[in-house]
Amino acid sequence: VKLLVQEIVDGIATGAIYGILALALVIIYRSTSFINFAQGEMAMVSTFLAWQLTQWNVGVVPAILISIGLAFVGGMLIQAAVIRPMEGAPELALVIVTVGLFLGINQMTGLIWGHEVKSFPSAFPDEVLSIAGARIGVGKLGVLAVLLVEIGLLYGILLGTRFGLAMRAVAVNLESSELVGIPTRRIVMLAWGIATALGAVAGAMVAPQLFLWPGMMFPVLIYSMAAATLGGFDSPLGAVLAGLILGVVENLAGTYITIVGPDLKIAVALLVIVIVLLVRPSGLFGSHVSVRV
Amino acid sequence: MTLRELDSRTRRWIAIGVVAAIAVCAIAFPFLISSYALYQFNVALVLAVGVLGLNLLTGYAGQISLGHNAFFAFGAYTFAILWSHGVNYVVALVPAFAVAMVVGFVIGLPALRLKGLYLAIVTVGLAITTEPLINRLTPLTGGPQGLIVIQPAPPDWTGLTTGQWLWLITAAIAVAVFVMARNLVRGRVGRALIAIRENEVAGLTMGVDVAAYKTGIFALSGGLAGLAGALYALVVGFVGPGSFTLIFSIFLLVAMVIGGLGTVMGALVGATVIEFLPTWASGINQSLSSIIYAAALILLMMVARGGLIGLLTSATVRVLRQPKARLFADSAQPRGAAEESTTRSQSRELPPKGRRS
């Protein structure tokens with residue numbers, strides 16, 4: 001039982017990271033109706049920036065905050081330079097462009113910082129708390145706290161501000177929003193900035209656990225895609241909850257189902273995606289979209 | 001702009017020229033170039049078969065796949081295992097094709113219900129799962145060490161080297177596959193696939209059996225990738241999990257886009273580019289070729305979705321169409337047609353406004 005509690009707690013901590021990146025995917029999906037396959041790589045390069053700052057003797061927390069700021073600006077620039085010119089292009093072309101971003105960012109990072117594994121300092125103290133027999137690192141609680149703060153902030157913005165209202169309007173119908181005078185282009189650009197900043201947060205949370213290297217985000221990306229699929233691609237809260245669920249499921253499957261084991265954990269994500277899409281394509285919390293033809 | 005805008009005689013000459021050039025290359029190559037260059041062309045040819053499979057699925061039917069590394073791996077390992085257990089290497093290509101085809105069919109089933117994006121997610125999952133799965137099946141696959149694939153010696157009477165013999169085998173198979181693909185996309189099946197890509201519902205109302213075509217093309221595409229994987233194992237002489245990662249799938253996608261989405265010959269062009277560009281670029285920097293690929297993906301999607309073949313086609317049409325229009329105007333065409341083509345050629349010959357004095 002002790003082990004079980006431990007696994008669940010660890011799972012929630014990992015799941016929180018999936019939740020954060022899934023949130024980034026959902027924000028972009030809601031504003032532009034496609035999935036940014038480069039989301040993980042954008043997070044990875046932001047984390048490298050933070051690491052570079054720590055090498056220049058900037059403290060960990062300020063370094064992460066600066067990298068989040070840079071990611072926000074970078075995300076908007078990428079949207080303006082690469083995504084906006086693709087307006088009206090078929091979905092396939094957009095997917096290919098984000099795959100191009102994925103490859104380009106991944107290789108650029110390898111070129112600049114090399115492919116060796118680097119250790120990234122945690123933003124949280126190293127202490128370990130003992131609760132109900134499980135040993136819980138402060139870092140893991142910290143990740144969960146960050147997730148809660150983020151989801152609070154996001155819903156605060158979405159529900160409480162004019163900008164949030166505009167974002168929701170764009171998510172529902174881009175053309176109508178434009179007709180009522182919402183500056184949709186700027187909104188979409190800001191959505192990319194926010195999503196990229198969220199990715200930077202996720203990267204800074206992952207890096208102390210998985211180490212920092214250009215391939216770091218592959219498994220995280222696929223799990224957050226699974227989370228976004230399970231939660232429903234248009235539901236931020238759903239994505240976060242699904243991220244937590246998936247973190248726990250992944251950990252339990254890796255420990256208790258021997259066929260899976262630690263190295264095939266990734267197959268769990270694939271299985272979840274396929275099952276969800278076959279059984280309930282709109283996810284647990286997503287809205288069902290009927291297309292009129 | 002397509003070659004259809006040219007008259008049939010010009011088209012026939014272009015086709016004969018292309019086919020003749022390819023035939024000369026295929027037969028003369030092994031005796032003209034160094035064995036290493038031949039090896040590289042051989043790898044490019046093998047990749048072209050896989051890229052063609054991907055292009056049938058993505059370029060024609062519009063169903064994106066980032067999981068073709070998995071089909072490659074299934075084909076390569078099936079082949080390597082059977083061949084090491086004494087099955088004839090030509091015979092072993094058949095199960096390699098079949099196994100990958102079955103996997104493609106199974107992956108294609110969810111594709112029936114999924115729109116492009118979700119399909120992309122499923123295939124990314126497949127792509128990332130491939131390497132751990134190979135490592136998990138170590139007793140069968142050799143795990144991270146991979147498997148050595150013994151290259152067959154050519155029959156004595158031919159007097160060829162192993163490299164030349166392998167080239168002739170892959171060239172024969174590749175020609176067969178390309179001819180099959182060309183015939184497939186030129187006819188009913190090709191039109192059905194394009195209908196699915198352009199507007200699924202419209203295709204459905206026109207009587208296209210969307211479900212059957214989608215799973216069918218997924219299976220065929222997977223099978224071709226598996227066949228390419230098997231040939232790859234044969235040509236390289238080794239299979240290992242490191243060869244079949246997500247990045248490999250992305251390279252296939254790059255080859256398809258560079259060559260041209262929805263073209264048959266584009267696969268050959270694109271595969272040649274991705275095989276030779278790294279050799280050329282690695283003198284400058286290891287990552288350079290990948291960065292060029294990334295830029296090519298983005299730029300081509302912005303300005304030229306037809307890829308190199310698309311650009312080449314429109315250039316050819318531009319060059320060859322001009323005399324055709326004049327010819328029509330001079331010859332004894334029916335009145336209407338002659339007039340029409342005259343006006344067209346005249347309007348094209350008008351100088352740009354700015355230069356008019």
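How much area do chain A and chain B bury between them, and what percentage of it is on carbon and sulfur atoms?

1. Chain A and chain B bury about 3,800 Å² between them, 82% of it on carbon and sulfur atoms. Buried area is the accessible area (1.4 Å probe) that two parts lose on being put together, summed over both. On the side of chain A, Leu92(A), Ile96(A) and Leu103(A) lose the most area to chain B, together 16% of what that side buries.

2. The model is predicted: local features need pLDDT of at least 70, side-chain atom pairs count only at pLDDT 80 or more, and totals for chains, interfaces and linings use all residues. Residues are numbered from 1 along each chain as its sequence is written, chains are lettered from A and ligands numbered from 1 in the order in which they are written, and side-chain values use heavy atoms, with hydrogens and water left out.

3. The contact (heavy atoms within 4.5 Å) takes 46 residues from chain A and 40 residues from chain B. Across this interface there are 0 salt bridges, a salt bridge being a side-chain nitrogen of Lys or Arg within 4 Å of a carboxyl oxygen of Asp or Glu.

4. Four elements of chain A give two or more residues to the side that touches chain B: helix H3 (60–83), helix H4 (91–113), helix H9 (217–231) and helix H11 (265–279). Helices here are DSSP runs (H or I, at least four residues), numbered from the N terminus. H4(A) provides the largest share of that side, 15 residues. By class, the side of chain A that touches chain B has 37 nonpolar, 7 polar and 2 charged residues. Ala, Val, Leu, Ile, Met, Phe, Trp, Tyr, Cys and Pro count as nonpolar, Asp, Glu, Lys and Arg as charged, and the others, Gly among them, as polar.

5. Within chain B, the axes of helix H1 (residues 8–32) and helix H7 (residues 162–186) come within 9 Å and cross at roughly 170 degrees. H1(B) is therefore roughly antiparallel to H7(B), the label for angles over 145 degrees. Axes are lines fitted to C-alpha atoms, for helices over the stretch in contact, and angles run from 0 to 180 degrees between N-to-C directions. Residues of H1(B) in the contact include Phe29(B) and Phe31(B), and those of H7(B) include Trp167(B). The contact of H1(B) with H7(B) has 7 nonpolar, 1 polar and no charged residues.

6. Also in chain B, helix H12 (residues 265–281) and helix H13 (residues 288–303) pack at an angle of about 135 degrees, with their axes 8 Å apart. That angle makes H12(B) oblique to H13(B), oblique being what remains after roughly parallel (under 35 degrees), roughly antiparallel (over 145) and roughly perpendicular (65 to 115). The contact of H12(B) with H13(B) has 9 nonpolar, 1 polar and no charged residues.
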